[in-house]
Amino acid sequence: MDQIAIASGYFDRRTFRHRLRRLRTAPSNQEFARLCHPIVLDVLRREGFRRIVQGPNFQGTPFDYFARRQGKPYIIEFKGSTSRFRTPHETQRRRLWRVIRHLPGLGIALLQLKLDTAEYRILFNSEVRALFRWSEAPINPIVEWLRARVR
């Protein structure tokens with residue numbers, strides 16, 4: 001997957017050293033996201049995003065930020081981890097796809113942070129859309145398991 005990254009680099013670990021230390025013991029996903037927020041803003045600005053705002057706080061919103069880059073509007077999904085680049089799960093990918101289908105001129109970006117090494121990469125548009133070509137997890141085994149118990 002590294003070959004499809006459009007933007008990649010390193011953020012300044014020294015600037016965020018206190019946050020990085022606290023991220024090791026972040027008690028919840030919300031706390032993790034809150035602690036990563038300044039790092040995310042730093043990376044997005046470095047990569048040319050402007051007018052960055054957090055996405056709406058509706059349940060099931062499949063993106064974290066809205067911004068403009070080179071005048072084009074983007075929804076940006078953030079995935080952070082201490083040790084690897086993460087991708088959205090199946091349900092989130094489906095919801096992202098539904099949103100961008102309704103707004104054809106809307107760009108989509110996936111910002112991935114690997115905190116242990118201070119690495120980031122951003123996948124844009126067609127690279128993110130490639131995530132939607134992955135097959136969905138099969139539900140037949142789940143349905144069969146339920147059928148056996150419902151009878």
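**Close-up views of a predicted model**

View 1. Lys79 belongs to strand 4, residues 72-81; strands are DSSP runs of E with at least two residues, helices are runs of H or I with at least four, and both are numbered from the N terminus. The model is predicted, so local features need pLDDT of at least 70 and side-chain atom pairs count only at pLDDT 80 or more, while totals for chains, interfaces and linings use all residues. Residues are numbered from 1 along each chain as its sequence is written, and side-chain values use heavy atoms, with hydrogens and water left out. With a relative accessible area of 10%, Lys79 is buried (under 20% relative accessible area; exposed is over 50% and partly exposed in between, with a 1.4 Å probe and protein chains only). The side chains of Lys79 and Gln92 are joined by a polar contact of 3.0 Å, that is, a pair of N or O atoms within 3.5 Å; within protein, one must be able to donate a hydrogen and the other to accept it, and residues adjacent in sequence count only if both atoms are side-chain atoms. Leaving aside residues up to four places away in sequence, Lys79 touches several residues, among them Arg86, Pro88, Leu111 and Leu113 (heavy atoms within 4.5 Å).

**View 2. Strand 5 and its partner strand 4.** In strand 5 (residues 107-114), 8 of 8 residues are buried. Gly107, Ala109, Leu111 and Leu113 point one way from the strand, whereas Ile108, Leu110, Gln112 and Lys114 point the other way. Strands 4 and 5 run parallel and are joined by 8 bridges; two strands pair if DSSP finds at least two bridges between them. Ser81 stands opposite Lys114 of strand 5.

**View 3. The hairpin of strands 5 and 6.** Strand 5 and strand 6 form a hairpin with 4 residues between them, and 6 bridges join these antiparallel strands. Ala118, in the turn, has a positive phi of about 60°. The bridge partner of Leu113 in strand 6 is Tyr120. Strand 6 (residues 119-124) has 5 of its 6 residues buried, so the strand is largely enclosed by the rest of the structure.

View 4. Ser8 stands opposite Arg121 in strand 6.
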